[in-house]
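Subject: Structure for your review

Dear colleague,

Please find below the structure that I am handing over to you. My findings follow it.

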Amino acid sequence: MARLEIRPETVSEIGDIRKINVEAFRDHPISRQTEHLIVDALRETGALEVSLVAFSEGRPVGHIAFSRAAVGDSKSGWFLLGPVAVLPGLQGQGIGSALVESGLAELRTRHASGCVLVGDPGYYSRFGFSAFPDLSYEGVPHEYVLGLPFADDAPCGTILANKAFEIEAELGAGCA
Ligand SMILES: CC(C)(COP(=O)(O)OP(=O)(O)OC[C@H]1O[C@@H](n2cnc3c(N)ncnc32)[C@H](O)[C@@H]1OP(=O)(O)O)[C@@H](O)C(=O)NCCC(=O)NCCS
C-alpha cells in the first residue's frame, strides 16, 4: 500500500474534506448526499471534536469525523463516529480502517466513555462495535445502532446526535 499518514485536519484541507465526502457518498444507497454539509455544520458550531484526514503519498484521500453525543441519561463522555469517507478509487485498501483506529485511539486519550454510530455491523464489528439491547437511534433499525464502550458501562438509551445530523439538503437527511 502507498505511504499513508493520518493527521488532524487543517484549514487548508477543508475543500478536500468536502470533496472526499461528496465523492464517497455519491452512489451510497442510503445517503442523501448531505455528509459534506454535516461536517461543515459541525465545524461551524465548534462541534467537530475530532477530524482526521488520511493522506496517501501526501494527497488527502480519506476523512473521519467525531462529535459528542448524548446517550440516554449520559450527557457527556460519548462520541459519535461519522461520517467516514474514502475516495472511491482507493477504498478497500485499509484507509477507512486506519481512520477508524486512529480516531478511536484519540478518543481514548480524551478519556471518553466510548463511541457510538449508525452503520453496517458487517464493517464496524471488526473494531469492536456491536449492538446493545437498550441502545437506539430514532428511526434506525436496532442492528445498525452500534456502540463501543471503553470501560464497563454499556451504552444505554437513545442516542442524541448533534443537530448538524438533522441537516436537510434539497433531498433530505444524511448518513450518520
Ligand atoms: C466505508 C469506508 C469508509 C471504508 O473505507 P475503506 O478504506 O474502503 O475500508 P477498509 O479498506 O479499511 O476496509 C475494507 C473492508 O470493509 C468492507 N466494507 C467497506 N464498506 C463496507 C460497508 N458499507 N459494509 C460492510 N463492509 C464494508 C470491505 O468489504 C472490506 O472488507 P474485507 O476487509 O473483509 O475485505 C469506504 O468504503 C467509504 O468511503 N464508503 C462510502 C461511504 C460510506 O459508506 N461511509 C460509511 C457510512 S458513514
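Is Glu35 buried or exposed? Glu35 is buried, because its relative accessible area is 1%, where buried means under 20%, exposed over 50% and partly exposed in between, with a 1.4 Å probe and protein chains only.

Before the remaining findings, a note on the source is in order. This is a predicted model, in which local features need pLDDT of at least 70, side-chain atom pairs count only at pLDDT 80 or more, and totals for chains, interfaces and linings use all residues. Residues are numbered from 1 along each chain as its sequence is written, and side-chain values use heavy atoms, with hydrogens and water left out.

Glu35 and its helix

Glu35 belongs to helix α2; helices (H or I, at least four residues) and strands (E, at least two) are DSSP runs, numbered from the N terminus. The side chain of Glu35 forms a polar contact of 3.0 Å with the side chain of Ser31. A polar contact is a pair of N or O atoms within 3.5 Å; within protein, one must be able to donate a hydrogen and the other to accept it, and residues adjacent in sequence count only if both atoms are side-chain atoms. Glu35 lies ten residues from Phe25 in sequence, and their C-alpha atoms are 7.6 Å apart.

Helix α2 (residues 35–44) packs with α1 at an angle of about 145°, and their axes are 8 Å apart. Axes are lines fitted to C-alpha atoms, for helices over the stretch in contact, and angles run from 0 to 180 degrees between N-to-C directions. Among the residues that meet here are Phe25 in α1 and Glu35 in α2, contact meaning heavy atoms within 4.5 Å.

A buried histidine

His63 sits in strand β3 (residues 59–71). His63 counts as buried because its relative accessibility is 0%. Its side chain makes a polar contact of 2.8 Å with the side chain of Ser51. Leaving aside residues up to four places away in sequence, His63 touches several others, including Ile17, Asn21 and Val39.

The ligand

There are 19 residues around the ligand, and Val86, Gly92, Gly94, Gly96 and Ser97 come nearest; a residue is near a molecule if one of its heavy atoms lies within 4 Å of it. An oxygen atom of the ligand is 2.8 Å from a polar backbone atom of Gly92. An oxygen atom of the ligand also lies 3.3 Å from an N or O atom in the side chain of Tyr123.

Yours sincerely
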